[in-house]
Amino acid sequence: MDAVGEAASPEEERGRFDAALAASAEQLSLLSDDADVLGAEILEFQLALIEDDELIDPVCEAIADGATAAAAWRARLDEEIADYRAAEDDYMAARASDLSDLRDRVLANMNGGIEAADLPDGAVIVAEDLTPSTFLSLDWKRLSGAVLLAGSSTSHAAILARSRGVPMVVDLGDADIDEGDLLAVDAATGAVIAAPTPGTLADFNARRTADEELNARAAERMARPARTGDGVPIRVLVNVNEITEIDRLSPQICDGVGLTRTEFLFSEGAPSEQRQYEVYRRLVAWAEGRPVAIRTLDAGGDKPLPGITVDGESNPFLGVRGVRLSLKHREVFVSQLRALARAASLGPLKVMVPMVSVPEELTTVRQLLREAVAALHAEGVTAREPALGMMVEVPAAALTAEDFAADFYSIGSNDLIQYTMAVARDAAGLGHLTAGDNPAVMELIRRTVAAGRARGVEVSLCGDMASKPEHVAPLLAAGLTTFSVAPTAVGRIKLAISEARAPGREARAG
């Protein structure tokens, strides 16, 4: 029934609303099931909203007072969207697109359901923006890419596109593009030309051929050790988003795992210690003696977890997240530390703590870890105290990195950029402020690398910057010698390393 249509009985309207919510939840769950852990985490926000009484109850009350289900839902969501867009916090403003996506999904399910888009093979999607659920519902094996007039390179849609190898141009602004136009799209440079001339098309095709040749060279580098052009060895690790990723990866392409996200284990509540141990054990076995860094639960911000994260925070990115949340839920945290300590007895496992801001947080975690190891030994369980490191994502931590008793540092460039530049990852139209080569961001990276050298501990970078070839030379110049990248980027990064030099380092033969 249309939002402006005449209402049926309150009972019928409530039934229509409940059915639309149930259908929407099922669709989002199916999308989440088919998505990788990154996509699933992003969809959790909408799934959580469907179960949010503060959002749903006013709609039910309006229906009981005689409103149509569609009108009541639209009015409630439009009010919430307006509040999000008016928020001074960029994160809250950016969530408006997710709310709009959910609003339209539920409305569509009240009006006969959602029809799959009939798109021709090779089509390029042109839109103002793409919500995560829309991106995940499209068959990118058949499509050529996407052009977004708004958005940013750190938006959820852009991150999903990079993780799946989908060419995407974002934040294009006003563009004179009509349906059916032939488009020349260069995702690497952000260039989009509608109805290109034969000469322009030939130039784009030449670039595509060059890109294919580059891919072939990168593939040849995949299993070879990374060295700079002047012979300095560089370590290239991989990021693991979920345990199933290693089924299609060879450990021979990397020097180990620089980041393992563990949020997927908590998607249905806190997992048992044994469940976690089995996953960590599997990772250590896969690595065949290479180091494996596993990040403790990094929930909060844009990664809500029912029953664990704090509901209703005015600014989730500046609230109880990362290590702050873990220290708030000691029982859940200690269970994870116990599982990690058990798996550490099987190989070179390292524990990495997210969102550390002050030295006392890391000191507290180390004490909890040691107590967990002692308790396991007292129970007759084999365990070992693993190396304990920290993510450097907060500018305060980067500025004072030498003060932290970390066994290693891992720079999380996504959050470091966000907090340094005061720009949410997915803030529309502000992509120019999220460029990783910003001088302030690079200075924080240099300081962290210098602190690692002064203390004699390893420093790696595991954010999106590490997976982009254009950042390789500046990061090497900053002194970085360990990159942790998306598995799909290993070849390109090793190739970029081979074409760069390591300033200030003595060249080595080989």
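Me: Which helix holds E54?

Reply: In this predicted model, E54 belongs to helix α3, which covers residues 53–64.

Me: Why is E54 called exposed?

Reply: The relative accessible area of E54 is 64%, and a residue is termed exposed when that value is over 50%, so E54 counts as exposed.

Me: What makes up the negative surface patch that includes E54?

Reply: The patch is formed by D53, E54, D57, E61, D65 and D311, and Asp and Glu are the residues that count as negative.

Me: How do you know that strand β10 is largely enclosed by the rest of the structure?

Reply: Strand β10 runs over residues 349–353, and five of its five residues are buried, so the strand is largely enclosed by the rest of the structure. The term buried is applied here to residues under 20% relative accessible area.

Me: Which way do the residues of β10 point?

Reply: L349, V351 and V353 point one way from the strand, while K350 and M352 point the other way, and all of them are buried. In a regular strand, side chains alternate between the two faces of the sheet.

Me: What makes β9 and β10 a pair of strands?

Reply: Pairing requires at least two bridges between two strands, and β9 (residues 292–295) is joined to β10 by four bridges in the parallel sense, so the two strands qualify as a pair. Within this pairing, V292 is the residue that stands opposite L349 of β10.

Me: How do you know that β10 also pairs with β11?

Reply: Four bridges link β10 to β11 (residues 387–392), and these strands run parallel; the requirement is at least two bridges, so β10 and β11 pair as well. One of the contacts places K350 with A387 of β11 as its bridge partner.

Me: Why is F408 called buried?

Reply: F408, which is found in strand β12 (residues 408–411), has a relative accessibility of 3%, and the cut-off for buried is under 20%, so F408 counts as buried. F408 also lies 7.4 Å from G452, C-alpha to C-alpha, although 44 residues separate them in sequence.

Me: Why do β1 and β3 stand at the edges of their sheet?

Reply: The sheet is open, with three strands in the order β1-β2-β3 and parallel pairing. Strands β1 (124–127) and β3 (168–169) each have a single partner strand, so one side of each is left without a neighbour in the sheet.

Conventions:
Residues are numbered from 1 along each chain as its sequence is written. This is a predicted model: local features need pLDDT of at least 70, side-chain atom pairs count only at pLDDT 80 or more; totals for chains, interfaces and linings use all residues. Side-chain values use heavy atoms; hydrogens and water are left out. Patches are made of residues with over 30% relative accessible area and no salt bridge: like charges are joined within 9 Å, nonpolar side chains (Val, Leu, Ile, Met, Phe, Trp, Tyr) within 5 Å. Accessible areas come from the Shrake-Rupley method with a 1.4 Å probe; for residues, only the protein chains shown count as cover. A salt bridge is a side-chain nitrogen of Lys or Arg within 4 Å of a carboxyl oxygen of Asp or Glu. The place of a charge is taken as NZ of Lys, CZ of Arg, CG of Asp or CD of Glu. Buried means under 20% relative accessible area, exposed over 50%, partly exposed in between (1.4 Å probe, protein chains only).
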